[in-house]
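Hello,

Here is the structure I promised to pass on. My notes on its salt bridges follow below.

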Amino acid sequence: SRKFLYQQRDKAGVVLLTALAAQSPGRKSASGMLTVDTNHLRRSIVTLATAMPGSIRNIQACLELVLETHRSIGFISQTLKQAGEAASQQNRQLALPHPVLGEADEIFQGRNPCLTVVDGHSFTILHLSPQAGRDATTWGVSFLDLQEQGIRFQDVACDGARGIRSGMERAELSVPLRPDLFHLLRESNVLMRRLEKKAYKAIEQADKA
């Protein structure tokens, strides 16, 4: 009956208000100590290296100030090396079931180029590798490595860098090469301003005539 449903509604309302009301704080944790073991240290080192890039000595200082633990420069360097090798191995095992919409670019860390390839469909980072150069051979090897890994390209978008174009030719990567959206917009804006100037000049000449 409706009467029964209303009674249940009222009971539920009282229970909810009681549950959501401010309560007295519970008992404090039995221990406020932080256990710093080897795994905790290794995770902290990798986190510090990626979250706040800098020198190894900065990581060493953070460990001493935050975790009150001293580790040598060699230990920190070896930990980062092992983490990098593990990440590289995991990246080499990466395989996508569908052809990727490749987006290739040359980003820089300081003055060192990092060759980057991203799948525009899933936004998966397929390749991110610091290199000594960004010429056709270096890019060609990168594309070959991705193809040997099982990555299949549907197309590649880039900003028109010669190294990327020549690298695709060296790797015999026969897929459409498309300009990226950012550079298309930038070039179209330049063209639009040029056309506007010509249009205003034509209007002035027509008025004078």
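A word on terms before the pairs: a residue is called buried under 20% relative accessible area, exposed over 50%, and partly exposed in between (1.4 Å probe, protein chains only). Please keep in mind that this is a predicted model, where local features need pLDDT of at least 70, side-chain atom pairs count only at pLDDT 80 or more, and totals for chains, interfaces and linings use all residues. Residues are numbered from 1 along each chain as its sequence is written, and side-chain values use heavy atoms, with hydrogens and water left out.

I counted a salt bridge wherever a side-chain nitrogen of Lys or Arg lies within 4 Å of a carboxyl oxygen of Asp or Glu. That rule gives 3 salt bridges.

Arg9 and Asp10 form one of them, at 3.4 Å from N to O. Arg9 is exposed at 54% relative accessibility, while Asp10 is partly exposed at 43%.

Another joins Glu106 to Arg134, with an N to O distance of 2.9 Å. This pair links distant parts of the chain, 28 residues apart: Glu106 sits in strand S1 (residues 100–109), and Arg134 in the loop between strand S3 (125–130) and helix H5 (136–148). Helices (H or I, at least four residues) and strands (E, at least two) are DSSP runs, numbered from the N terminus. Glu106 is buried at 10%, whereas Arg134 is partly exposed at 43%.

Asp155 and Arg178 also pair up, their closest N and O atoms 2.7 Å apart. Here strand S4 (residues 153–158) holds Asp155 and strand S5 (residues 177–179) holds Arg178, 23 residues apart. Asp155 is buried at 12%; Arg178 is partly exposed at 43%.

Best wishes
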